[in-house]
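Me: I'm new to this one and would like to learn how to read it. Could you walk me through it feature by feature?

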Amino acid sequence: MGAVNAAGALLGAPPPLPGDPPAGSDIRGGHAIVTTGLTKRFRGGQVAVDAVGLAVPRGSVYGFLGPNGSGKTTTIRMLLGLVAPTSGEWSLLGEAMPAGLARSLPRVGAVVEGPAFYPYLSGEANLRRFDAADPAADGRTVRRRVGEALERVGLAAAAGKRYRAYSLGMRQRLAIAAALLAPRDLLVLDEPTNGLDPQGTREVRTLIKEIAAEDTTVFVSSHLLAEVEQMCTHVGVMRSGRLVAQGPLADLRADGGGPRLRVETADAAEAAALLEAAGLTGVSAAVHPDGIGEVTADLGDAVPERLCALLVTEGVRVRGFGVVRPSLEDVFVGLTGEGFDVGA
Ligand SMILES: Nc1ncnc2c1ncn2[C@@H]1O[C@H](COP(=O)(O)OP(=O)(O)OP(=O)(O)O)[C@@H](O)[C@H]1O
């Protein structure tokens, strides 16, 4: 499937769901996306998305993070009206869905799965062709809009080049340009850096930040924690079809707990006893196979320099001393029970 733009271009509105609120009744204007109990059970009984409640604030860059198969694409397809939920409610840009599809979708740009462009046509010709398939688009302004979209994604100089000569990063930027052929309040991107090399990844990431700076809410799925960390203000974490955490990135980071003291020493038992006597909590000591011990403890309000001086004065042979803050990955591993691919 290619980039999906205005309502009706590539989308067929799904039938209304039982219990749908009347059109326009959702006035939660502070959020670009809200879902309540959104669920998808495929034929055969598999629950791919299980009662997901998303709250995507307007103006945010929301990272929809989760391992492969955790239900991200299915959720995105439901949001865009490409597949009907089994149950649940959702709204896009304040419009209750699916009744409000025709009103909200023209303001939503989306890139879901691989873009389908003609290899022998130029980037510009591909965008014109794409625009022509959109009944909501005004053919009289196509030249200007295609030019602006190419400019926006940094492809103006390569506009006349054939698509097959584009790098992977350029191809992905062209897909984003297709989603930006009209002004959008919300951009939905499903794994936009998947398969890109580091240069292409950087290009797309920079572009997303620029688009967000222009007041477009961006909802971007990824299985790469490092990527989400670098470009998102908010994050939702999926595990096996369930949303296990959601909120501002900074809040989730804070959920990992406070800083920990870490001391490397051959006198682990003595160091642990001294730190406990000094009032530190969560003290634990371990000895590595090389015989060097490691003692960790919650730092709390203690002053690390004083603790270091105390250990040395009391004769502990300190080899290493530092304060470690829990990484976002530690938090997510705690939430999801599994690691994420952190190599962006
Ligand atoms: N049409 C379908 N019929 C049956 N099962 C499906 C269908 N589409 C997806 N699934 C299953 O639903 C689960 C969630 O898949 P989904 O593609 O939404 O996950 P994802 O997080 O986007 O993963 P990926 O990044 O690998 O696409 C998977 O177990 C998948 O096999």
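Reply: Here is a short tour, one topic at a time.

Me: What should I know before I start?

Reply: This is a predicted model, where local features need pLDDT of at least 70, side-chain atom pairs count only at pLDDT 80 or more, and totals for chains, interfaces and linings use all residues. Residues are numbered from 1 along each chain as its sequence is written.

Me: What is the mean pLDDT of the chain?

Reply: pLDDT is the predictor's confidence in each residue, from 0 to 100. Here the chain's mean is 85, and 88% of its residues reach 70 or more. Take care with residues 1–29, though: pLDDT is below 50 there, and beyond near neighbours in sequence the stretch has 76 contacts in the model. A contact means that the C-beta atoms of two residues, placed from the backbone, lie within 7 Å. As for the model scores, ipTM is 0.94 and pTM is 0.77.

Me: How many helices and strands does the chain have?

Reply: Helices (H or I, at least four residues) and strands (E, at least two) are DSSP runs, numbered from the N terminus. This chain has 11 helices and 16 strands. Look at its contacts too: among those between residues at least 6 apart in sequence, 74% join residues at least 24 apart.

Me: Which residues are around the ligand?

Reply: A residue is near a molecule or strand if its C-beta atom, placed from the backbone, lies within 6 Å of it. For the ligand, that gives Phe42, Gln46, Ala48, Gly66, Asn68, Gly69, Ser70, Gly71, Lys72, Thr73, Thr74 and His223. Helix H1 (residues 72–79) gives the most to this shell, with 3 residues. By type, the shell has 2 nonpolar, 9 polar and 1 charged. In that sorting, Ala, Val, Leu, Ile, Met, Phe, Trp, Tyr, Cys and Pro count as nonpolar, Asp, Glu, Lys and Arg as charged, and the others, Gly among them, as polar.

Me: How do I read a pair of packed helices?

Reply: Two packed helices are described by the angle between their axes and the distance between the axes. On the H3 side, Gly123, Asn126, Leu127 and Phe130 meet Leu174, Ala177 and Ala178 in H5. Those contact residues divide into 5 nonpolar, 2 polar and no charged.

Me: Is Pro192 buried or exposed?

Reply: Buried means 20 or more other C-beta atoms within 10 Å of a residue's own, exposed means 12 or fewer, and partly exposed is in between, with C-beta atoms placed from the backbone. Pro192 is buried, because 24 other C-beta atoms lie within 10 Å. You'll find Pro192 in the loop between strand S9 (186–190) and helix H6 (198–213). Not counting residues up to four places away in sequence, Pro192 touches Val111, Gln172, Val204 and Val220. In the chain as a whole, 42% of the 344 residues count as buried.
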